[in-house]
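I opened my notebook to look through a new model. These entries record what I looked up.

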Amino acid sequence: MTKILEAHKITKFFHDPVKIQVLRDVSFSVEKGEFASIIGKSGCGKSTLLYILSTMDTDYDGDLYIDGVMMRNKKEKDLARVRNEKIGFVFQFHYLLNEFSVVRNVMLPGIKLGKYSEEETEHRAMEKLKVLGIAGEALKKPNQLSGGQKQRVAIARALINDPVIIMGDEPTGNLDKKNSEIVFDIFKELSEVYNQSLLIVTHDTEFAARTNRVIEMEDGAIIRMQAR
Amino acid sequence: MNLKLLFGVARSLLFARWKQTLVAAFGVTFSITMFIGLLSFMSGLNNLLDNLIINRTPHIRLYKELLPSDTQPVDLSASYNDHYNFVRSVRPKNDRPEIQNSFAVLNALAADKRVLGAAPKVTTQVFYNVGQVNLTGLINGIDVDAENRLFAFSEYVTSGNFMDLKNIPNSIILGKAGAEKMMAEIGDVIQVTTPSGDRVPLKVVGYFESGIQELDKVQSYASISTCQRLLGESSAYITDIQIKLHDINLAPELAKEYHTLFGAEAVDIQTANAQFETGSSIRTLISYAVGITLLIVAGFGIYNILNMMIYEKMDSIAILKATGFSGSDVNRIFILIALSIGIFGGLLGLLFGFGLSALIDNIPFDTAALPNITTYPISYNPKYYLIGGVFSIITTYLAGYFPSRKASKIDPVIIIRGK
């Protein structure tokens, strides 16, 4: 199995207002097609870890490999490219741009990557929306959509560049039971049908329990890793 | 591809707050309009005043001045060659106030290729006799044709025909203010007393207005031959030669040359009218200062609006960065926003500035001082439009620079976690 993401002894300190160690020698890896989740109490450092893994936070010690490439010492521009090409994000809040239509929102990272022409990117965006069952809303503005629909658009956006991994930070945190279920099913389907790797941070133990692997964190360290 | 995408994002951010955008753009428009209007008006006025001076003033004036001799006998003595000598209280020597060998000088000037023309002149002080009262005056004896050709004499003869000066013997054109004082109508005969004490009758054939009241009270014009006759001198008697050049910039150099060549005092227009040059450049400086101040104020407006936009769009910037836009992409987006405000506002400003200039150009402007001016002067120099355009882009770029940098440095983690 290929390792999509590998973290090796990741350590992080917060310096402000006092020096606190938030992550202690965190090492683990995510394999191709794996649906992993990170759980833990608030403040255990799970979100911090996710932002380091997503290359947005560069202030850490240890090594991070994404798709076999070391992320240390890369320039801001190159990291942006990595995020664009290899990582798909789903956040607790949808973060869609209200100035653009739904399909355009999905297309933005694709156009930025510039791998396909604009027409092709649009076609691909429509495909993704179709998979997620919201193709009918493609031309609406995000603020005309329901919370669940918005989160599905955000997932479509995360998928547009066929990333090697999708990272989620409490993607169901803002959703009701029914919509959480829909989002989970989508993730499950992506993992099983499309062999998509996923790494989801959540505090919803029920959600986590149904993933392939649960990584449990406490006080900045991994205390348990259990494969199902 | 990338740039097109950035343009797309910039455009949608612009239109998302189109009212603010419009206000910012109008700030630029207003300042560019005022900049163009102000500078065009100011330089129009400068040109007008400069032309007044340049048209009416000789580029070089040759005249004879009674000065102490440059060399004293002791300087010429061979035995004191290696001595310093000081001669105090040197008095001017008595000499005739005419230019020596005036015909030869005039011929030499006529042959000089750099000279557009030369007009001889005889000036003499007189008394105008009004009943029991004598008023001091100055008569300029002029070569009517040359004076008109070189110095637009006809433009300031406001009543009567200036050619009568040449055609009617013993005629005079009085200053309007002086004529009113003497109550002399056109066609009347006035009496003048010459420096030698003779009384001569002269016929008034016209009035002139120079624009300077005091001058008009004292000065008057007669033909050169009339003036020579008043003085009892021959036709070779000339006190001034006024020279107009093809290239005014040669004046200081030629003045020196003529001074040594003809042995007469020579003063160039740049020296004689230095204060006009200073006035023009200070007026221009002030208008630039006001124009640029306006632009800077507009720049602050853009700065504010961009800053607000960045606070408002913090989430969008964060997500753009999270999904693969680099800091420099975000920077470019905001610079593009600033520049499009600047270019749009600036172009409109140039257009309105032209309109404002055209409007000022059509406002009636009647002044006794300038009889041939009917509307406010405006200069349509494309230089000002160029400067205005370039400045609008530079200011908006600078106004956009700091907010853009701030936007590019936004840390997406902080924004995303903050929710």
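I began with the secondary structure of chain B: 17 helices and 10 strands. The model is predicted, and I kept that in mind throughout.

Next I checked the overall form of chain B. I found a radius of gyration of 34 Å, whereas a compact globule of 419 residues would have one near 22 Å. I then looked up the box that the C-alpha atoms of chain B fill. Along the principal axes it is roughly 105 × 65 × 40 Å.

I turned to burial. In chain B, 40% of the 419 residues count as buried. I also looked at contacts in chain B with a separation of 6 or more. Residues 24 or more positions apart account for 79% of them.

Then I went to the contact between the chains. Chain A gives 25 residues and chain B gives 22. Which elements of chain B give two or more residues to the side that touches chain A? I listed helix H1 (2–16), helix H14 (314–322), helix H15 (327–361) and helix H17 (412–418). I sorted the residues on this side of chain B into 10 nonpolar, eight polar and four charged.

Last, I followed some strands in chain A. Strand S1 (residues 3–14) pairs with strand S4 (residues 61–66) in the antiparallel sense, over five bridges. I noted A:Ala7 opposite A:Leu64 in S4(A). S4(A) also runs antiparallel to strand S5 (residues 69–70) of chain A, and two bridges join them. Here A:Ile66 stands opposite A:Val69. S4(A) and S5(A) form a hairpin with two residues between them. In the turn, I found that A:Asp67 has a positive phi of about 55°.

Definitions and conventions
Residues numbered from 1 in each chain as written. Chains lettered and ligands numbered in written order. Predicted model: local features only at pLDDT ≥ 70, side-chain atom pairs only at ≥ 80, totals over all residues. Contact = placed C-beta atoms within 7 Å. Helix = DSSP H or I, 4+ residues; strand = E, 2+ residues; numbered from the N terminus. Nonpolar A, V, L, I, M, F, W, Y, C, P; charged D, E, K, R; others polar. Rg over C-alpha atoms; globule rule 2.2 N^0.38 Å. Buried ≥ 20, exposed ≤ 12 C-beta atoms within 10 Å, placed from the backbone. Pairing = 2+ DSSP bridges.
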